[in-house]
Amino acid sequence: MTAYTKNDVLLQAKDISLYYDDKCILRNIDFTVRDIVRPGLQQGQVVSLIGRSGIGKTQLFRVLSGLQKPSGGTITVRERKPVESGNGSIEVWRERPVRAGDMGVIFQNYYQFGWRTVRQSLLLAARKNPALAGKEEDAIREYAGRFDITDVLQRYPAQLSGGQQQRVSIIQQLLKGSNFLLLDEPFSGLDICVLDKVTELLLQVSLSDELKTLIIVSHDIATTVEISDTVFILGKESGKEGSTIIREIDLIERGLAWRHDLRQDKVFVDTLAEIKGCL
Amino acid sequence: MGGLAAPHFKSSNMFKPFETISRSSLLIMVALQVLFFLVLWQLSPGGLIPGPIQILDGLGQLLATRLLFDNLLASLVLTLKALVYSIVLTLLFSYLSVLPFFQPMAQFLVKCRYLTLTGLIFIFTLLTKDGGALKLSLLVFGIVPFFMTSFLSVIVRTPAQEFELCQTLGYSRWQTLYEVIIVGKADQVFEIVRQNFAIAWMMITMVEGLNMSEGGIGTLLIKYNKYNDLPHVLALQGVVFGLGLCFDYLLGLLRHWLFSYTNL
């Protein structure tokens, strides 16, 4: 098995609940995402939240992104904070509640401002990243080349294909510089060729930084499991209202993480059956 | 729909529900219908109502002097001035309406479209220094509520995703206001101006009737109407109508030129 350790907590959801009027949508959501360290690699994290349609995945997605306040509980993220000390400014780690803007969010329909060209949209995001100050255009060119969208930089969103829109959304959030990337149903509606490219692209993103953490909300079990290191299953418990995390599966322990050609692997097939059985 | 391929003028297509016809077919159809209507009008016994030839004759007389040009220019200048003031006021109050403090003011201005100008003219006369300012203020007062009604509905209908994208990009509320409302809705401001230009153009003849010292197409209309000179009245109506259509077309062109993404 590949050597790895799970170190600091990067994100923690603690006792999250969500009610609309008196209807319970989510309850007692508890999970933790830890920094996975692999010697000699910049290994990010790929976590999946799997559940049936209508189970509350999108609501949980909105809560995680900070776009919606939960009715109860907290989501905390770990961040570097500069602190003045006797020897000048040093960076310390601290945990704080998630805010809108902390996470890069890629919506299901890859929404972009219709009045901005791709380049303008990317520039708006790059300008929010202090690490890119003065180098925004270079960063856009680099990402555009890597993600094969150089030809469409001057186009408007309405002129892009679904795959191009998705790549633009991902680059936009990467340029913003957030360590967390939340993706809502990134595999829905993609044909098989594009699907392979997207999974490859997400893996590429997860390897771009040690702290890069992808949280994928999806009901496409096979594709999601294929690229994840941890799966959380969102479901309902009998006799209880609202959805909660009913199972956590550590794919690293099962030898299913960071591998290609998993589809024929018996453990992979069994894991899919196990997940389906939970839904 | 079956109208995708309609390169030729086929009369049978004109009576199919949801049929799309080509631009050239549409132009031929419009020309034929207008011609048919004009011939019918000319041939029908109209009594006091002049026929198209009499109206054309009246238009010719108006064009032969500088009377029409000078008055039209006065009206156009006044209308454009009123439009500029109205747009500035509309944008100012509409943008401010996203701040709770200014919402009552914005809502009051929207409701002002139910007020009639007739009873307020004297108050406006007291508040303004001359006839020009009176006409301008009446026009602005008449236009702004309609502009604001349209623009506020555009703001209210802003998809939540536009705000959410700003939030995920870490925008402050002021940056969101700038990106989503000011920049993002600029093309729709143009569309509102285009749609509501008709109100300004329609009101101009009314307010010019209140103060005739500076002339204007409204003054001309009232003058000819007073003597029941219907050929000239209808010729002027035709000019007002034609110019309105021209402005509508030009504003549409300008919008597509300035905001090319609206063509996509």
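## A buried aromatic pair in chain B

F247(B) counts as buried, at 17% relative accessibility; buried means under 20% relative accessible area, exposed over 50%, and partly exposed in between, with a 1.4 Å probe and protein chains only. The rings of W201(B) and F247(B) have centres 6.4 Å apart and planes at 55°, so this pair is tilted. Rings of Phe, Tyr and Trp (its six-membered ring) pair if their centres lie within 6.5 Å, and planes under 30 degrees apart count as stacked, over 60 as edge-to-face and the rest as tilted. The pair links distant parts of the chain, with W201(B) in helix α9 and F247(B) in helix α11 of chain B, 46 residues apart. W201(B) is itself buried, with a relative accessible area of 4%.

## Basis of the model

This is a predicted model, in which local features need pLDDT of at least 70 and side-chain atom pairs count only at pLDDT 80 or more, while totals for chains, interfaces and linings use all residues. Residues are numbered from 1 along each chain as its sequence is written, chains are lettered from A and ligands numbered from 1 in the order in which they are written, and side-chain values use heavy atoms, with hydrogens and water left out.

Over all chains, the structure holds 14 aromatic pairs. One of them is the tilted pair of F197(B) and F247(B), with 4.8 Å centre to centre and 35° between the planes. F197(B) lies in helix α9 of chain B and F247(B) in helix α11, so the pair ties together parts that are 50 residues apart in sequence. F197(B) is buried, at 3% relative accessibility.

One aromatic cluster is formed by Y156(A), F190(B), F259(B) and Y261(B). Charged side chains also meet rings: R38(A) lies over the face of W258(A), 3.9 Å from the ring centre, and the charged end of K223(B) sits over the ring of Y224(B), 5.1 Å from its centre. A charge sits over a ring if NZ of Lys or CZ of Arg is within 6 Å of the ring centre and within 35 degrees of the ring normal.

## Helix α10 of chain B

Helix α10 of chain B spans residues 217-226, and its buried residues are I217(B), G218(B), T219(B), L220(B), L221(B) and Y224(B). Helices (H or I, at least four residues) and strands (E, at least two) are DSSP runs, numbered from the N terminus. The cover over these buried residues includes α2 (52-64), α3 (67-96), α9 (186-210) and α11 (230-258) of chain B. Just after α10(B), N228(B) takes a positive phi of about 50°.

Over residues 11-261, chain A is 26% helix and 34% strand, and the end C-alpha atoms are 30 Å apart.

In helix α3 of chain A (residues 136-146), the residues E136(A), A139(A), I140(A), Y143(A) and A144(A) are buried. They cover an arc of only 130° around the axis, which puts them on the same side of α3(A); the arc is that of the directions from the helix axis to the C-beta atoms. Elements covering them include α2 (118-126) and α4 (162-176) of chain A. D148(A), which follows α3(A), has a positive phi near 60°.

## Cysteines

There are zero disulfides over all chains, a disulfide being a pair of cysteine sulfur atoms within 2.5 Å. For C278(A), the nearest cysteine sulfur, that of C24(A), is 20 Å away. C278(A) counts as buried at 18% relative accessibility, and C112(B) is buried with a relative accessible area of 6%.

Notes: Contact means heavy atoms within 4.5 Å.
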